[in-house]
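Have the structure open while you read.

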Amino acid sequence: MDVAGTQREAREQATLLSAFVGSATFWLLITTAVAVLLSFKFPFPDLATSPYLSFGRLRAIHTNGTFYAFASVALSGLAIYVAARSSGAPIYAKPVAWLSLGLFNVAALLGTVTLDLGMSDGSQEYREWLWWVRVILLVAAICSAYVVAGTVANRVERPIYIANWYTLGGFTFTTILWIVALIPTYQIGVGQVSVQAFYMHNAVGMWFTFLALGVTYYALPKLLNRPIYSYSLGVLAFWTNLVFYPIIGAHHYEFSPLPWWLQTLAIVFSVGMLIPVFAGSANLILTARGAWDVVRRSYALPFLAAGIVYYFLGSAQGTFEALRTAQAYWHFTSFTVGHSHATMYGFITFIVFGAVYALLPLATGKQPSTLLTGVHFWFALVGVTLYVLVLAIGGTIQGIDWASGNPFITSVEAAAPFWLARALGGTMMFLSHLLFAYNVYVMIGGKRPTLEPKAQPA
Ligand code: HEM
């Protein structure tokens with residue numbers, strides 16, 4: 001490609017990445033504003049009693065929205081950008097990438113509005129959006145997958161960079177997962193519970209985890225300016241994740257009518273998950289060994305480092321939580337909600353923040369304020385850590401109350417102060433999102449370029 005062509009391509013990459021990140025940020029604000037209201041409804045149940053603001057509708061708006069309108073859109077945009085940069089190839093089929101972004105937004109809008117009008121596909125967690133809305137979502141993901149695969153296929157060097165292994169793996173598995181979740185014959189009886197176990201956990205483990213690890217494998221060495229610690233550890237983590245993850249979802253249905261052997265297998269494989277988690281997090285942490293000063297001075301690296309630490313802690317917590325003795329107490333309590341935020345927020349959302357701060361300025365040439373980024377980091381980190389800790393304690397007290405046979409209201413009264421503390425942690429997280437949104441605005445639309453823009457090497 002000639003110089004003018006390279007510059008045009010870099011501009012188009014920057015515009016596409018900006019659009020994905022801008023859209024994801026918009027939905028982050030909407031869906032977590034909803035979550036703050038949700039969290040205050042626990043200590044103050046009479047707050048906002050209109051049907052449109054009821055807990056049942058807003059909870060599904062929050063979970064589906066953070067999953068598919070925020071994290072999926074941000075990670076798809078980042079995956080496309082990483083595919084192009086790491087392959088040294090232009091983004092393949094750009095109109096399809098734009099179509100993907102459009103469809104993600106159509107699905108998010110229709111999914112949110114229909115849920116708020118009380119129309120949902122029932123109590124199937126993370127797939128409450130009506131089936132035809134989820135078809136639109138599926139097509140959006142397939143379009144992004146097509147772009148990533150086509151871009152990697154045009155790579156300059158023969159080996160596929162490890163980042164793209166992960167993102168391509170995520171897109172491939174998720175396409176299968178989302179199709180299975182739509183087939184009507186799988187949605188009845190006990191089979192529906194098995195499919196739900198398969199679906200809800202793999203939405204996290206084979207989609208967000210793969211995409212987040214993929215972009216980290218590109219952003220981390222790039223920012224540290226050194227190669228990844230071990231390619232082999234990365235490959236080991238990739239394949240063992242693929243072996244163990246698909247089965248573990250049934251640990252959410254222990255003591256249920258699901259076959260006992262399936263529940264036991266899910267527990268054994270949950271322990272097996274320690275292998276990819278150890279291998280993956282150690283590989284990423286060792287990549288930064290001896291460079292902690294660089295991490296401290298960067299505004300993007302602390303987010304990636306915190307995300308990797310939460311990946312390890314949240315996943316190890318999940319393994320422990322899967323054991324039957326632990327489930328006997330923690331099942332159905334707020335402890336699990338704390339675990340969900342340790343992983344989906346502490347890990348996935350922090351990696352999204354870090355990757356955006358790492359790659360968007362490289363694409364657009366515009367940097368955010370270091371001070372505001374630092375405040376964003378500390379508000380988000382303190383907020384989520386408070387959130388996870390208080391729910392761990394409150395959830396344990398709830399579980400002990402239930403196991404002791406105390407009246408249900410005793411557990412509610414005991415958990416109430418912890419729910420209030422969770423709402424305060426959540427408010428800090430939301431405030432940090434306002435700063436993030438401002439920083440994204442500066443990185444996309446800021447007046448003055450502060451970096452040498454665009455035509456940097458892959
Ligand atoms: C301001 C930040 C946030 C606040 C205040 C918040 C608050 C909440 C609340 C109150 C619930 C309902 C909990 C319950 O039913 O007991 C919830 C559920 C959930 N949220 Fe968030 N959330 C935030 C950010 C996020 C983000 C960014 C994600 C994902 C990327 C996320 C993923 C989830 C998931 C997966 C659940 C379901 C948890 C479960 O049932 O185990 N949240 N959140």
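α3 passes α4 in a left-handed crossing, where left-handed means that the near helix is turned anticlockwise from the far one by less than a right angle, clockwise being right-handed. Helices here are DSSP runs of H or I with at least four residues, strands are E runs of at least two, and both are numbered from the N terminus. The contact draws on V96, A97, L99, S100, L103, F104, V106, A107, L110, G111 and T114 of α3, and on V133, I136, L137, V139, A140, C143, S144, Y146 and V147 of α4. To be in contact, two residues need C-beta atoms, placed from the backbone, within 7 Å. By class, that makes 16 nonpolar, 4 polar and no charged residues between α3 and α4. Ala, Val, Leu, Ile, Met, Phe, Trp, Tyr, Cys and Pro count as nonpolar, Asp, Glu, Lys and Arg as charged, and the others, Gly among them, as polar.

A word on what you're looking at: this is a predicted model, in which local features need pLDDT of at least 70 and side-chain atom pairs count only at pLDDT 80 or more, while totals for chains, interfaces and linings use all residues. Residues are numbered from 1 along each chain as its sequence is written.

| Pair | Angle | Axes |
|---|---|---|
| α3 (94–116) and α4 (131–153) | about 160° | 8 Å apart |
| α11 (301–322) and α13 | about 160° | 8 Å apart |
| α1 and α3 | roughly 5° | within 11 Å |

So α11 is roughly antiparallel to α13, an angle over 145 degrees counting as such, under 35 as roughly parallel, 65 to 115 as roughly perpendicular and the rest as oblique. The crossing of α11 and α13 is left-handed too. Their contact includes F303, Y310 and E321 of α11 and H339, F350 and Y357 of α13. It holds 12 nonpolar, 9 polar and 1 charged residues.

α1 and α3, by their angle, are roughly parallel to each other. E12, L16, A19, F20, S23 and W27 of α1 meet K94, A97, L101, N105 and A108 of α3. That contact divides into 7 nonpolar, 2 polar and 2 charged residues.

Now for the ligand. Which element gives the most to the shell around the ligand? It's α13, with 9 residues. Of the 22 residues around the ligand, T32, A35, T66, S340 and G426 come nearest, a residue being near if its C-beta atom, placed from the backbone, lies within 6 Å. Two or more residues each come from α1 (3–41), α2 (55–87), α13 (334–364) and α15 (408–445). The shell has 10 nonpolar, 11 polar and 1 charged residues.

Zooming out, the protein chain has 15 helices and 0 strands. Its C-alpha trace spans about 75 × 45 × 45 Å along its principal axes.

How values were computed. Axes are lines fitted to C-alpha atoms, for helices over the stretch in contact, and angles run from 0 to 180 degrees between N-to-C directions.
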